[in-house]
Every structure is written in C-alpha cells, then in structure tokens.
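Welcome! Take a moment to look over the sequence and the 3D structure below, and then we will walk through a few of the contacts together.

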Amino acid sequence: MVQKYELSLLILRLVLGITFLVHGIAKFQMGLGNVAGWFESIGIMGFLGYVVAFIELIGGIALILGFGTKIISTLIAFVMIGAIFTAKLSAGFMGSEAAGYELDLALLSMAVVLLISGSRLFALDNKLFRTEKETI
C-alpha cells in the first residue's frame with residue numbers, strides 16, 4: 001500500500017517538476033527583462049518576474065531530483081495563487097479568448113498534495129536525510 005502511495009506521489013512530483021522546468025526555461029528564453037515587463041504591464045512589480053522565473057526553473061529541477069520537495073511545492077503554490085488572482089481569474093475557469101485558470105488550479109492542487117505529503121520515492125532528500133526508521 002505504501003509503495004503505491006509513494007509511486008503516486010513520485011508521478012505528481014515528476015510531472016509538476018517537468019512542467020515548471022519547461023515554463024522556467026521558456027521565461028529565460030524569452031528574456032527575463034521581457035518577463036519583468038509583462039509583469040509590470042499587468043500591474044505587478046517587475047522584479048517578481050525574475051523571482052517567478054527562478055522558482056520555476058530551479059524549483060522544477062529540484063522537484064525532479066526530489067530535493068526540498070515541500071519547500072519548493074510551497075513556493076510553486078504561491079506562484080500559482082498569484083497567477084490565478086492576477087492574470088487568470090478574470091478570464092474564467094476555461095477562458096474564452098485567453099487561457100483560463102483551470103491548469104493553474106490543477107498545478108496548485110498538485111503542489112499542495114506534495115506540500116502535505118512530500119515524496120520520498122527516488123528522492124534526493126530521502127538519500128541525504130534518511131533516518132533509520134524510514135522505509136518505503
């Protein structure tokens with residue numbers, strides 16, 4: 001039973017990590033100055049564009065490796081809450097001309113599950129900080 005539970009969390013962690021890694025890479029490719037400019041155009045402080053890009057890129061890598069899963073998931077949850085309330089909520093759940101917040105809500109949910117439960121299977125944290133009592 002525990003193995004199935006951990007396998008499920010591993011799948012969530014990897015999908016969330018890959019998703020944010022790709023989004024982070026995209027922000028770096030378009031130029032962080034452009035990202036900051038877009039943030040300013042929707043009324044958000046531009047430096048937060050840099051913060052979000054680094055959270056997505058480094059956080060994606062960390063989740064894939066299983067390093068700091070709960071901390072990174074918390075940061076990602078805050079990014080998703082920010083995205084929903086600043087850029088997506090007005091478009092509605094599905095959106096019409098622009099994307100809605102349905103994907104953001106799904107990613108937020110995944111991050112919250114990992115925040116609550118963690119993910120130890122094939123996780124670097126499990127190898128580095130394992131105690132004798134912990135088994136998977």
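Lysine 27 and glutamate 56 are both buried. Keep in mind that this is a predicted model. The two residues form a salt bridge, with their closest N and O atoms 2.9 Å apart. Lysine 27 belongs to helix 1 and glutamate 56 to helix 3, so their pairing ties together parts that are 29 residues apart in sequence.

**The other salt bridges**

- How many salt bridges does a search of the whole structure find? The search finds three.
- Another of them joins glutamate 6 to arginine 120, and here the closest N and O atoms are 3.8 Å apart.
- Because glutamate 6 sits in helix 1 and arginine 120 in the loop between helix 5 and helix 6 (124-128), this pair ties together parts that are 114 residues apart in sequence.
- Is glutamate 6 buried or exposed? Its relative accessibility is 4%, so glutamate 6 counts as buried.
- Arginine 120 has a relative accessibility of 26%, so this residue counts as partly exposed.
- Lysine 88 and aspartate 104 also meet through their side chains in a salt bridge, at 3.0 Å from N to O.
- Lysine 88 is in helix 4 and aspartate 104 is in helix 5, so the pair ties together parts that are 16 residues apart in sequence.
- Lysine 88 is partly exposed, with a relative accessible area of 22%, whereas aspartate 104 is buried, with a relative accessible area of 7%.

- Valine 52 is found in helix 3, which covers residues 47-65.
- Valine 52 counts as buried because its relative accessibility is 14%, and the cut-off for buried is under 20%.
- Which residues does valine 52 contact, if we leave aside its neighbours within four places in sequence? They are Lys27, Phe39 and Val79.
- From C-alpha to C-alpha, valine 52 and lysine 27 are 9.1 Å apart in space, while in sequence they are 25 residues apart.

**The largest nonpolar core**

- In soluble globular proteins, nonpolar side chains tend to be buried together.
- The largest nonpolar core here has 23 residues, and those touching the most other members are Leu16, Phe20, Ile76, Met80 and Leu107.
- At least two residues of this core come from each of helix 1 (2-30), helix 2 (32-41), helix 3, helix 4 (69-88) and helix 5 (102-117).
- Which helix gives the most to this core? Helix 4 does, with seven residues.
- Setting aside neighbours within four places in sequence, isoleucine 76 is in contact with Phe20, Ile55, Leu63 and Ala111.

Methods
Residues numbered from 1 in each chain as written. Predicted model: local features only at pLDDT ≥ 70, side-chain atom pairs only at ≥ 80, totals over all residues. Heavy atoms only, no water. Helix = DSSP H or I, 4+ residues; strand = E, 2+ residues; numbered from the N terminus. Buried < 20%, exposed > 50% of the residue type's maximum accessible area, 1.4 Å probe, protein only. Contact = heavy atoms within 4.5 Å. Core = buried A, V, L, I, M, F, W, Y, C linked by side-chain atoms within 4.5 Å. Salt bridge = Lys/Arg side-chain N within 4 Å of Asp/Glu carboxyl O.
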